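Subject: Structure handover

Hello,

Here is the structure we talked about. Please open it first, then read the notes below it.

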Number of protein chains: 2
Amino acid sequence: MEELFSDEYFMQKALQEAEIAYEKDEIPVGAIVVCNNKIIAKSHNLTETLTDVTAHAEMQAITAAANYLGGKYLKECTLYVTLEPCVMCAGALYWSQISRVVIGAADEKRGFKSKMLQLHPKTEIVEGVLANEGKKLLLDFFQQKR
Amino acid sequence: MEELFSDEYFMQKALQEAEIAYEKDEIPVGAIVVCNNKIIAKSHNLTETLTDVTAHAEMQAITAAANYLGGKYLKECTLYVTLEPCVMCAGALYWSQISRVVIGAADEKRGFKSKMLQLHPKTEIVEGVLANEGKKLLLDFFQQKR
């Protein structure tokens with residue numbers, strides 16, 4: 001049985017967001033922000049729907065979480081994201097000073113780690129949580145596109 | 001006399017945006033997007049006003065320009081920004097595939113160049129346009145803060 005409030009539990013919620021993106025014909029990436037075991041933001045990639053390259057799941061999650069908290073720093077929060085953040089999202093996470101970032105699948109080509117970037121020194125990073133599930137959604141999406 | 005539609009002419013418009021930010025007690029950075037010599041987006045840093053770390057001038061300018069054009073790629077556009085973009089904004093500019101980026105002052109500490117990042121291969125970069133004016137606004141702002 002899935003443990004309540006584990007990283008897998010919350011990543012599953014982020015994966016549900018990625019599935020919603022998939023259904024909207026968006027590259028399926030989902031994110032949530034959790035603060036004190038409460039989900040305070042949910043989002044999924046909306047770059048096509050909004051015709052906006054900045055509308056990645058993480059960007060929306062950061063904005064929504066800050067809006068919920070009434071402050072721009074996400075110091076007691078964890079972001080769960082189904083795919084390794086890109087340079088833009090890593091830059092935004094840096095500015096947010098978020099406490100933890102839990103990543104699903106790696107993105108060898110576009111992920112921030114391939115650019116030798118680091119998040120904020122205060123940010124703990126956990127990788128590979130339900131990575132196969134996150135990756136499978138992406139592979140299915142691009143296969144269907146061909 | 002200032003030449004019409006020169007980079008200096010448009011950077012002056014971006015500097016006016018930075019001055020608006022200054023008046024709002026925001027770190028004074030301004031940006032505009034120009035397409036066929038027409039300004040299609042104007043913005044300034046609003047991170048404090050919106051309590052949102054993603055509300056940099058460039059991010060808003062990219063979103064507004066794409067909204068104006070009805071497409072997410074800014075292929076025939078130039079972004080003028082009074083300060084060298086950070087990692088987040090450089091990442092967003094990469095995704096936008098913008099044609100040109102004209103930068104005012106350098107940001108040795110937080111700018112994307114210090115992180116060895118590159119913009120899109122299709123993007124021409126021009127640096128140091130009215131750099132002193134852009135830098136002076138920032139120095140005045142932080143001096144006043146002390």
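**The interface**

Between chain B and chain A, eight residue pairs are in polar contact, both residues of each pair being at pLDDT 80 or more. Please keep in mind that this is a predicted model. On the side of chain B that touches chain A, two elements give two or more residues: helix H2 (57–69) and helix H3 (87–96) of chain B. H3(B) gives the most to that side, with seven residues.

Now the extent of the interface. In chain B, 26 residues are in contact with 26 residues of chain A. The two chains bury about 2100 Å² between them. Of that area, 68% is on carbon and sulfur atoms. Three residues stand out: Val53(B), Lys72(B) and Trp95(B) supply 32% of the area that chain B buries against chain A, more than any other three residues.

The rule finds two salt bridges across the interface of chain B and chain A. In a salt bridge between the chains, the side chain of Lys72(B) meets that of Glu48(A) at 2.7 Å, N to O.

**Symmetry**

How is chain B laid on chain A? A turn of 180° and a shift of 0.0 Å along the axis do it, with an RMSD of 0.0 Å. That is the relation of a two-fold axis. In chain B, the C-alpha of Met88(B) is the nearest to the axis, 2.0 Å from it. Both copies use the same surface: 100% of the contact residues of chain B recur in chain A.

**The core**

The largest nonpolar core has 66 residues. Which of them touch the most other members? They are Val33, Leu79 and Met88, in chain A and in chain B.

Val33(A) has contacts well along the chain. Leaving aside neighbours within four places in sequence, Val33(A) is in contact with Lys38(A), Ile39(A), Ile40(A), Ala41(A), Ala61(A), Ala65(A), Cys77(A), Thr78(A) and Leu79(A). In general, nonpolar side chains tend to be buried together in soluble globular proteins.

**Salt bridges within the chains**

Over all chains, the structure holds 12 salt bridges. The side chains of Glu124(A) and Arg100(A) form one of them, at 3.1 Å, N to O. Glu124(A) is in strand E5 and Arg100(A) in strand E4 of chain A, so the pair ties together parts 24 residues apart in sequence. Buried or exposed: how does Arg100(A) count? Arg100(A) counts as buried, because its relative accessibility is 19% and the cut-off for buried is under 20%. Glu124(A) counts as partly exposed, at 42%.

A polar contact of 2.9 Å joins its side chain to that of Asp7(A). Chain B has a salt bridge between Arg100(B) and Glu124(B), at 3.1 Å, N to O.

Also in chain B, Glu127(B) forms a salt bridge with Lys113(B), the closest N and O atoms being 2.7 Å apart. Glu127(B) lies in the loop between E5 and helix H4 (131–145), and Lys113(B) in the loop between E4 and E5, so the pair ties together parts 14 residues apart in sequence. Glu127(B) is partly exposed, at 44% relative accessibility. Lys113(B) is partly exposed too, at 40%. Back in chain A, salt bridges that share partners join Asp7(A), Arg100(A) and Glu124(A) into one network.

**Loop residues**

Thr47(B) lies in the loop between strand E2 (38–44) and H2 of chain B. At 8% relative accessibility, Thr47(B) counts as buried. Its side chain makes a polar contact of 3.2 Å with that of Asn45(B). Thr47(B) also touches Lys72(A), among others.

Thr51(B) lies in that loop between E2 and H2 as well. Thr51(B) has a positive phi of about 40° although it is not a glycine. In chain A, Asp25(A) has a phi near 65°, also positive in a non-glycine residue.

Best wishes

Notes
Residues are numbered from 1 along each chain as its sequence is written. Chains are lettered from A and ligands numbered from 1 in the order in which they are written. This is a predicted model: local features need pLDDT of at least 70, side-chain atom pairs count only at pLDDT 80 or more; totals for chains, interfaces and linings use all residues. Side-chain values use heavy atoms; hydrogens and water are left out. Copies are superposed by least squares on the C-alpha atoms of residues with pLDDT of at least 70 in both. Contact means heavy atoms within 4.5 Å. A nonpolar core is a set of buried Ala, Val, Leu, Ile, Met, Phe, Trp, Tyr and Cys residues joined through side-chain atoms within 4.5 Å. Buried means under 20% relative accessible area, exposed over 50%, partly exposed in between (1.4 Å probe, protein chains only). Buried area is the accessible area (1.4 Å probe) that two parts lose on being put together, summed over both. A salt bridge is a side-chain nitrogen of Lys or Arg within 4 Å of a carboxyl oxygen of Asp or Glu. A polar contact is a pair of N or O atoms within 3.5 Å; within protein, one must be able to donate a hydrogen and the other to accept it, and residues adjacent in sequence count only if both atoms are side-chain atoms. Helices (H or I, at least four residues) and strands (E, at least two) are DSSP runs, numbered from the N terminus.
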